[in-house]
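Let's take a walk through this fold, one piece at a time. Keep the structure open while you read.

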Amino acid sequence: MYYREGIKELINDRKNPVNRMYLHEIMLKWQSFEKKAEKFNDVSNENLVKSLNTFISAISNNKYKYNNSTKNGFKPDSPIYSAAYLDDLLTVFIKRTEIYTNLGISWGYQAFSTELKFNPANLCSMSDHPKFEYYSSAKILHLAQKLDFQFRVTGKRRFNKHQLVLPLILFFTYQNLTEKDYITIEYYANQAKATFEKSKAIIVTETLDDEFKPDISNSPFNSIFILRKQYKSGRNNSIQLDVVNKLEKRIKAYCTESTNNGYNFFKSGVIDSFSGR
């Protein structure tokens, strides 16, 4: 569980006894969702969403917020306020798919192969030194296919062997998606498309930043899921079950190349792009 790892690191690092107590409290609250998520095939999305909303409400307690006078509590950039719990929710959905059991499939924060190309020093050296090159991306949460790639120049016996990681579905998770976030992750989504044109890129966020209206019609993103169906300063919705159900349905659809279109996120909680990219 990604959220658990963040809390464990804080517990190991904290010297403040009050904060250590807070962290153990938070870990206990988190276990309720975690136990349900571990039974991924035997738990309903309704129960998962209910448990997740209860947890988010618990960590929103003012006592956990940093107090400059006492030095107790946690600053806004602390891992306890990260969106890692959404990564754990996505893990449940990925584990439920049939593709997850395929050979070579890998899930998690990982790099994918980029800039695949043959780059010999010159044309004359191609037969002896074809020089196949590739690089690694930053670590992104995604479903990947690992391939053992090997080739040899015609007439030669020796094979050149490489392991490639093809990005299948990339996920970018946020509590609140800003335009700055969007611009940053667009680079990584384009990298993935350049490596594997059929890769998908999904943004999962609880809210959209005020006045931000992302247009993904000609972007590398396939879908944006706004789990609370609201802008940041809007009414304080909880995470909506129907959007979570659509998110899981879309993940399954991408694994079978079946899709649906739609835009109005105030109603559906989803922004889609099916421009063919």
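**Strands, then helices**

Start in strand β4, where Ala144 is the bridge partner of Ser106. This is a predicted model, where local features need pLDDT of at least 70 and side-chain atom pairs count only at pLDDT 80 or more, while totals for chains, interfaces and linings use all residues. Residues are numbered from 1 along each chain as its sequence is written, and side-chain values use heavy atoms, with hydrogens and water left out.

Strand β1 (residues 105-110) and β4 (residues 140-151) run antiparallel, joined by six bridges; strands pair if DSSP finds at least two bridges between them. Five of the six residues of β1 are buried, so this strand is largely enclosed by the rest of the structure. Buried here means under 20% relative accessible area, with a 1.4 Å probe and protein chains only. Strands are DSSP E runs of at least two residues, helices H or I runs of at least four, both numbered from the N terminus.

Is Glu34 buried or exposed? Glu34 is buried, at a relative accessible area of 5%. Leaving aside residues up to four places away in sequence, Glu34 touches Met1 and Arg4, where contact means heavy atoms within 4.5 Å.

Last stop: helices α4 (residues 84-96) and α6 (residues 241-256) pack at about 40°, with axes 10 Å apart. Axes are lines fitted to C-alpha atoms, for helices over the stretch in contact, and angles run from 0 to 180 degrees between N-to-C directions. Leu89, Leu90, Phe93, Ile94 and Arg96 of α4 meet Val244, Leu247, Glu248 and Ile251 of α6.

Note on methods:
Buried means under 20% relative accessible area, exposed over 50%, partly exposed in between (1.4 Å probe, protein chains only).
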